[in-house]
Amino acid sequence: MADMSEIQTRIREEAGKALESGEVGVVIGWGAGSVPFKTTPVFIDKAQDVEKLVWNPACTNNLAVYLPKMARDRKVGIVAKPCDIRSIVTLIREKQVKRENVFIIGVGCAGVIDARSLENANVRLSEITSLEWSGNDLIVTTQTGTSTVAAADSLREQCKVCDSRTPAICDAAVGDAVPRSEEISIDIPGLSEDRKAYWAEQFSRCIRCYACRQVCPACYCRSCFADRVEPRWTAKKATTQEAWMFHATRAMHLAGRCIGCGECERICPVGIRVVELARELNAIAKDRYGFDAGNPEEETHLLGSYRDEDFDPAQHSE
Amino acid sequence: MTDKVISKDKIGDFLAALEGKYTVVAPVERADAPAEFREIGAGDTPIIDGSKPMMTPKDYLLPRYEVLVKVASEDGSVNVETPLPEDKPRVMLGVWLADAQAIKVLDRVFLDRNFVDPYYARRRENLTLVAVMPAQMRWSWFCASVDDVEEWKRNVDAMMYDLGDRFYFEPVSEKGAALVDGVFFSDPSEADTARKNELWDQFKNTGALPFAGKALYENLRWDDPIWGEIAQKCIGCGMCSYMCPSCSCFDIQDEVCGACVERYRCRDTCQFEDFTLMGAGHNPRANQLPRSRQRLLHKFMYQHQQFGVVGCTGCGRCVELCPVNVDIREVLTRTCSDEMEQKVEG
C-alpha cells in the first residue's frame with residue numbers, strides 16, 4: 001500500500017495539474033496545522049503553492065462544507081476522503097453543487113485521529129512531531145522517540161465503524177483502495193429504556209454555540225430555523241428543553257442526509273454525541289426504506305421519493 | 001501573610017470546613033465534557049488542581065441563561081420581579097491564572113464605574129479568587145506572551161501550586177489569607193518553595209512566542225490581509241468566543257411563558273451573522289472578514305484603548321477547539337513579525 005508521503009505527493013501532482021490546466025481556479029485541501037496533530041483547510045490558487053497540501057492522520061476536516069458557497073458559479077478542486085465524498089454526493093443530489101463544478105481528488109482513507117483520545121491514551125500532545133499510520137497502529141513520533149498507539153485508542157469514533165474507505169466517485173483517485181479493517185466495537189447506548197434520561201443529560205451540557213451546525217456540510221440552509229425570531233422555534237437560552245428542540249429538529253432535518261462524517265461530534269466543545277442521533281435515523285432509513293445516505297447509486301432523496309412498498313408508520317404502530 | 005502548604009489528603013476536610021463559611025465554587029468533573037464551575041454539592045468531584053480541561057469561570061459569574069426580569073400577572077395585579085443572585089461570601093477554587101485574569105477583564109466591563117451590572121456584581125464582589133498552577137502546563141497556553149503574568153498574580157486573592165502530594169498555598173490578599181486554617185496547613189520546606197518557584201518559571205516560559213512583550217495594540221492593523229485569510233476558512237461557529245473566558249458579549253431576549261414574561265440574558269458573539277444585523281436588514285459586518293477582524297482587534301486593541309487591559313489572557317481554549325485550526329498564536333506571530341509589517345507598509 002502506498003504510504004502517506006507518496007499519497008501526499010500524488011495529491012500535490014493532481015492539484016498542480018488541475019490548476020495549471022486551468023480546469024479549476026482553486027483547490028481546497030488540508031495544509032499543515034499550527035501543531036503536528038492538527039491540519040487546517042487551505043485554498044490553493046497557484047500551482048506553485050501545491051506544496052502546502054498535506055496528507056496525514058490529522059486530515060480530519062470535511063472540506064465539503066465550503067462547496068455550496070465556493071463552487072456556486074465556478075469549478076473548484078477539492079481533496080476529499082471517502083466520507084467527505086459522500087457529503088459531496090449529497091450536495092450534488094440536493095442541487096447545492098453542480099457535479100461539473102467540482103473536481104474531486106479522492107483519497108482512500110484508513111481513518112483519522114481524535115486528539116482527545118490520544119490525550120486519554122496518555123500521549124503528551126505538546127511533544128508530538130509527526131503522526132503516521134502503520135497497519136492498524138498509529139506511529140507517534142515525539143522529540144524523544146517513537147511510540148505506537150492502537151487504532152482503538154487513536155481513531156475517531158466514526159472511523160472505527162466506517163465501511164466506506166474508498167472514494168465512491170472522484171475525478172482523480174489518489175492512493176490505493178483501502179480495505180475495510182476489522183470493526184472496532186464502539187459504545188452506542190442504543191434505544192434503551194432510559195434514553196430520555198441519556199439525551200436529557202447530553203443536551204443539558206449544550207451551550208448553544210451551533211458549531212455542530214456550522215461545521216456540517218449538510219447544514220447549508222441560508223436561514224436556519226434556530227435563528228428565526230418569527231416564529232421562534234427554539235429560544236436562545238441554554239436550557240435542556242431548548243437545546244433538545246434544537247438538536248431533535250436538526251436531527252430530523254438530517255435524516256437520510258447525514259453521512260456520518262462526525263464533524264459535529266469532533267468540534268462539540270462539551271462532548272455531546274450529536275452523530276448518534278443521525279446514526280440512529282440513518283439506521284431507520286436503511287432498515288425501513290433501504291436508503292443509504294451519501295451513496296451515489298441512490299437515485300433520489302429519502303424524503304423526496306415514494307414507492308408503494310414504503311414502510312408506513314401509521315400502519316405499523318410500535 | 002505567610003506561605004503555607006497543605007497535603008492533598010487534607011483537601012477534602014479543608015473544603016468541608018470552607019463550606020461552613022463560604023459557598024465553594026470549583027470545576028466539577030463531568031463525563032465526556034470539560035469540568036464546569038459550579039457551587040459544589042454532595043456527590044460532586046471538584047477538580048481544584050487545574051489538571052483537566054474546563055469550561056470558563058464566566059459560566060458561573062455570567063451564566064449562559066440568566067433571568068433578569070420576570071413579569072407575572074395574577075388576579076389583575078402585575079408582579080415585577082428582578083431575581084438578583086444571593087449576596088453571600090463565595091470562594092472560587094481551581095481557576096487557571098489565565099481565567100482569573102479574564103475575570104479582571106470581565107470586571108472592567110461589568111463593574112465599570114459608569115455602569116455596574118448588579119447581577120454580575122452580586123456574584124463577584126464578595127468572591128475570594130484562588131488561582132491554581134497545575135503540575136503540568138497545557139500545550140496551548142501562551143499567557144506570558146500576551147501580558148505581564150507577575151501582575152496577574154497580584155490580581156488574585158491566593159495562588160495554589162500543585163506540588164504532587166501537596167499544594168503550596170500563597171496568599172496574596174487579606175481575603176486569601178483568611179482561607180488559611182491552621183488545622184490543615186503547615187509551613188513549607190525549602191524544597192517546597194524551590195519547587196513552587198520552578199513551577200512558576202515553567203509557567204512564565206510556556207508559550208513564549210515571538211510577539212511576547214510587544215505592544216499588540218500597536219501592531220494589529222485594520223487592513224491586514226490576514227483577516228481575509230482567516231475569514232476564508234472560518235466557518236463562523238463562534239466557539240472561540242463562547243468558550244473564551246473573557247468574551248463578554250450577550251443578548252437579551254423576552255419570552256412569554258404562560259401568564260408571565262421573562263427577560264433573560266444569554267450568550268452572543270461577534271462571529272454570528274445576526275450579531276450586527278439591523279432591524280431594517282442592513283448588516284455593517286456583512287461577511288466573515290470584518291467579523292474575524294473584530295474579535296482580534298477588540299481583544300488586543302479596543303479593550304486596551306477603553307480599559308487599559310489586554311482582552312486575551314492566553315488560556316488556549318480557542319487554540320485547542322477551533323475546528324479549522326485558526327490558531328490565534330500564529331495570527332499574532334504573523335501580524336507582529338517584521339516581514340508582515342514591511343508587507344503592509346510596502
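Residues are numbered from 1 along each chain as its sequence is written, and chains are lettered from A in the order in which they are written. Because the model is predicted, local features need pLDDT of at least 70 and side-chain atom pairs count only at pLDDT 80 or more, while totals for chains, interfaces and linings use all residues.

Colleague: What radius of gyration does chain A have?

Modeller: The radius is taken over C-alpha atoms, and the globule rule is 2.2 Å times the number of residues to the power 0.38. For 318 residues, a compact globule would have a value near 20 Å, and chain A agrees with this, at 20 Å.

Colleague: How many helices and strands does chain A have?

Modeller: Helices (H or I, at least four residues) and strands (E, at least two) are DSSP runs, numbered from the N terminus. On that basis, the secondary structure of chain A comes to eleven helices and eight strands.

Colleague: How far apart are the end C-alpha atoms of helix H3 of chain A?

Modeller: The expected span of a helix is 1.5 Å times one less than its number of residues. Helix H3 of chain A holds twelve residues, 82-93, and should therefore span 16 Å; the distance between its end C-alpha atoms agrees, at 16 Å.

Colleague: How many residues of H3(A) are buried?

Modeller: A residue is buried if 20 or more other C-beta atoms, placed from the backbone, lie within 10 Å of its own. Among those of H3(A) that qualify are A:Pro82, A:Ile85 and A:Arg93. Their cover includes helix H2 (67-70), strand E3 (76-80) and strand E4 (102-107) of chain A. H3(A) is largely enclosed by the rest of the structure, because the buried residues number eleven of the twelve.

Colleague: Which element gives the largest share of the side of domain 1 of chain A that touches domain 2 of chain A?

Modeller: An automatic or database domain assignment supplies the bounds, giving domain 1 (4-110 + 164-174) and domain 2 (195-302) of chain A. Two residues are in contact if their C-beta atoms, placed from the backbone, lie within 7 Å, and the contact takes 16 residues from domain 1 of chain A and 15 residues from domain 2 of chain A. On the domain 1 side, the largest share is eight residues, and they come from H3(A).

Colleague: How many residues of chain A are in contact with chain B?

Modeller: Chain B brings 29 residues to this contact, and they meet residues of chain A numbering 29.
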